[in-house]
There are 2 protein chains.
Amino acid sequence: MSSKSKATIADVARAAGVSTATAGRVLGHYGYTSEEKKEQVLKAAQELGYRPNALARSLITGKTRTLGVVAGDIQNPFYASVIRGISNVADANGFGLLITNSDEIPAHEVHAVELLAQKQVDGLIVTPIDTRRARHLFSIKAMGMPLVLIDRAVGGLMVDRVATDNIAAAEQAVRHLIGEGHRRIGIVAELVDENFMTLDQFVSHAIAGDPIESETLYPSWQRLLGYIRAHRIGGLTVDPRLIMRAGSYSAQAAQDVVPPAMTSAHPPTALFTTDGTMSEGTMRALTMLKLSVPENLSLVCFDDLDWMSFLRPGITTVSQPRLAMGEAAARMLLERIRGEEYPSRTVLMPAELILRGSVSRV
Amino acid sequence: MSSKSKATIADVARAAGVSTATAGRVLGHYGYTSEEKKEQVLKAAQELGYRPNALARSLITGKTRTLGVVAGDIQNPFYASVIRGISNVADANGFGLLITNSDEIPAHEVHAVELLAQKQVDGLIVTPIDTRRARHLFSIKAMGMPLVLIDRAVGGLMVDRVATDNIAAAEQAVRHLIGEGHRRIGIVAELVDENFMTLDQFVSHAIAGDPIESETLYPSWQRLLGYIRAHRIGGLTVDPRLIMRAGSYSAQAAQDVVPPAMTSAHPPTALFTTDGTMSEGTMRALTMLKLSVPENLSLVCFDDLDWMSFLRPGITTVSQPRLAMGEAAARMLLERIRGEEYPSRTVLMPAELILRGSVSRV
DNA sequence: CTGATATGTGAGAACGTTCTCGCCCAAGAA
DNA sequence: TTCTTGGGCGAGAACGTTCTCACATATCAG
């Protein structure tokens with residue numbers, strides 16, 4: 001029956017009484033074969049339980065029909081959705097997915113990219129960690145392997161990219177708070193060190209309206225920029241004490257940084273959190289502090305997580321099209337794999353501010 | 001430099017002035033080579049930007065150092081964590097991960113398994129959908145490909161498996177509610193049709209204490225069994241009207257099935273939800289119904305999701321070791337891949353009841 | 001009839017590795 | 001001396017496919 005170990009094309013050919021070339025043609029669906037031999041071969045293949053060896057096929061065709069993905073952490077809902085989006089279009093096109101986690105550690109990313117390249121993936125989707133140093137990614141591009149970036153950009157690396165329009169989205173969110181009468185608005189953001197400017201320098205540049213190379217900025221810095229722009233537009237000054245910098249991508253860091261600001265002499269009347277992880281840490285802190293939303297404090301988050309819709313009173317948040325981002329990235333990658341030529345494209349996806357009950361008028 | 005397209009072992013050998021065999025030996029770390037030639041080869045490889053082709057290597061060794069995973073849906077926190085666990089041990093052992101979603105659709109699972117087998121993965125981790133018919137899985141086993149099942153079992157398929165001890169965990173959760181004085185306890189569960197017994201038959205068997213082949217039962221049915229056993233132990237009768245059967249794996253289905261029961265003549269004073277998806281749907285329903293937990297209704301969930309700890313008053317829930325389940329599965333799989341022989345093993349992981357604030361005494 | 005075009009077949013090369021073998025050399029044992 | 005042992009090296013087979021050819025035939029246009 002079909003259970004035995006492994007039958008090769010040669011075995012099938014022998015059983016069907018044809019050459020391996022002919023058997024290969026019918027099994028691989030290429031070239032010409034007569035109906036007669038086709039039936040013989042198919043019958044023999046069936047009986048022997050023949051299963052094509054994709055390795056051998058890929059070795060000679062140079063195509064693996066496999067996409068490589070380097071994400072931060074599958075457990076994070078953001079990445080989980082993005083990957084799901086990628087998976088949707090990969091599936092639909094008969095591509096497999098080789099997935100790795102970088103945990104936002106540059107060395108892990110380098111290692112993962114190397115592994116995927118050795119496994120000869122047809123293309124790579126990466127959420128790059130270091131927006132400045134990324135020799136491995138330049139090397140991938142130079143090798144001619146299609147590459148698409150998600151969420152972050154790499155300075156000088158001209159490849160397709162899809163991201164949320166972070167600045168506009170954050171600006172809209174904070175303007176909403178200002179519109180509701182809030183004047184002291186805190187922001188909870190990772191703001192990991194980018195080593196090119198201190199936070200103070202960055203803030204004063206932004207407040208002064210100096211031009212800032214925002215493309216290669218980390219998302220949390222872009223969202224901070226949107227926060228500052230909303231203040232400028234609203235004619236408000238930015239109080240640096242209201243910028244709660246977690247310094248790392250963890251809910252715990254956010255949870256730690258919120259209480260001091262909330263118990264200070266002039267606490268904010270509203271908070272803006274810059275991503276799902278910060279939102280979670282902030283919620284934990286607010287629960288510990290027994291602060292009620294929106295009675296004691298208004299809140300706008302970034303990224304629409306499951307619980308935001310049913311946790312009373314409902315969290316007003318910026319919704320990113322995570323699934324669509326993954327799908328768009330995969331589609332662009334497949335176009336490149338097919339050999340289509342374009343100048344490198346950047347797709348900035350709009351985010352939507354979803355109004356729920358976590359903001360009150362002051 | 002290291003950027004050019006693709007240098008092969010033959011290219012490196014030529015540049016280093018040695019045979020391909022010798023170059024292969026140093027680049028592949030096997031056999032003997034003199035320090036002198038080793039240096040020459042390494043230098044040449046460096047200059048040509050040589051990167052081993054894992055495909056060619058795998059074709060001849062018969063090993064790909066890649067694991068295949070067929071999960072329900074990466075976006076679901078349960079699967080996301082399990083996969084992350086698998087990824088942890090795969091990474092640590094230099095294995096890659098080929099991941100697919102079945103969306104709980106049998107045909108998808110069959111297709112995914114076939115794809116992964118063709119790609120010659122060294123082993124497979126599957127969350128089987130159909131616990132009765134699974135020819136493709138028997139075939140995988142017959143082929144000699146190592147296979148580990150997670151969360152569900154397949155009748156008659158003797159392979160390693162890791163799962164939560166669902167019956168015991170559910171029983172403990174419901175006994176807790178009974179201990180707090182609850183007498184009318186509702187259960188919200190998928191209970192997709194298993195076609196071997198109707199729900200009524202199943203319930204009456206369980207109430208009567210008749211022996212039930214529980215190994216190959218779906219998790220939601222196992223949890224229902226635990227619920228019934230807790231009633232038996234507590235000397236309570238089971239009211240069939242309190243069994244809210246969603247009938248499919250979606251939060252929407254749960255959300256739809258809860259309101260009728262809550263607005264009936266004799267509503268329950270407490271609810272037990274049998275997994276994360278049911279919990280989410282139930283929360284949505286409770287929010288719409290404006291029922292406060294634990295004032296108007298007590299609640300115990302299954303699976304500890306992020307929000308359960310910070311959503312006030314904190315949700316009492318059964319915590320499954322999802323990450324550890326994935327890690328255990330991957331470890332068992334690697335043992336099999338290494339050729340270790342055991343009779344097929346079943347690892348039932350204990351779950352922990354985490355007491356928070358969603359249960360009140362009546 | 002001549003040439004082109006499409007269908008059909010098999011022998012054997014190719015893909016980029018690892019593996020098997022035979023050969024050489026040096027050092028130590030008999 | 002002669003035999004063994006183990007390091008060191010290269011030629012060429014092998015893995016299981018697809019690809020390139022050469023060589024058929026049949027059909028159709030001119």
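**DNA contacts and a helix pair in a predicted model**

User: What makes the approach of Arg57(B) to a phosphate oxygen of DNA strand C a polar contact?

Analyst: In this predicted model, a polar side-chain atom of Arg57(B) lies 2.8 Å from a phosphate oxygen of DNA strand C. The limit for a pair of N or O atoms is 3.5 Å, so the pair counts as a polar contact.

User: Which part of DNA strand C does Arg25(A) approach, and how do you know that this is a polar contact?

Analyst: A base nitrogen of DNA strand C is 2.8 Å from a polar side-chain atom of Arg25(A). That value is within 3.5 Å, and therefore the pair qualifies. Ser34(A) uses its backbone instead: an N or O atom there lies 2.8 Å from a phosphate oxygen of DNA strand C.

User: Why does the pair between Asn53(A) and DNA strand D count as a polar contact?

Analyst: A polar backbone atom of Asn53(A) is 3.5 Å from a phosphate oxygen of DNA strand D. The cut-off is within 3.5 Å, so the pair is counted. For Ser19(B), a polar side-chain atom lies 2.8 Å from a phosphate oxygen of DNA strand D. The largest share, four residues, is that of α4(A).

User: Why is the arrangement of α9(B) and α10(B) called oblique, rather than parallel or perpendicular?

Analyst: The axes of α9 (residues 199-208) and α10 (residues 219-234) of chain B come within 9 Å and cross at roughly 40 degrees. Roughly parallel requires an angle under 35 degrees and roughly perpendicular one of 65 to 115, so α9(B) is oblique to α10(B). The crossing is right-handed.

User: Which residues of α9(B) and α10(B) meet?

Analyst: On α9(B) they include Phe202(B), Val203(B) and Ile207(B), and on α10(B) they include Trp221(B), Leu225(B) and Arg232(B). By class, the contact has 10 nonpolar, no polar and one charged residues.

Key:
Residues are numbered from 1 along each chain as its sequence is written. Chains are lettered from A and ligands numbered from 1 in the order in which they are written. This is a predicted model: local features need pLDDT of at least 70, side-chain atom pairs count only at pLDDT 80 or more; totals for chains, interfaces and linings use all residues. Side-chain values use heavy atoms; hydrogens and water are left out. A polar contact is a pair of N or O atoms within 3.5 Å; within protein, one must be able to donate a hydrogen and the other to accept it, and residues adjacent in sequence count only if both atoms are side-chain atoms. Axes are lines fitted to C-alpha atoms, for helices over the stretch in contact, and angles run from 0 to 180 degrees between N-to-C directions. Helices (H or I, at least four residues) and strands (E, at least two) are DSSP runs, numbered from the N terminus. Angles under 35 degrees count as roughly parallel, over 145 as roughly antiparallel, 65 to 115 as roughly perpendicular and the rest as oblique. A crossing is left-handed if the near helix is turned anticlockwise from the far one by less than a right angle, and right-handed if clockwise. Contact means heavy atoms within 4.5 Å. Ala, Val, Leu, Ile, Met, Phe, Trp, Tyr, Cys and Pro count as nonpolar, Asp, Glu, Lys and Arg as charged, and the others, Gly among them, as polar.
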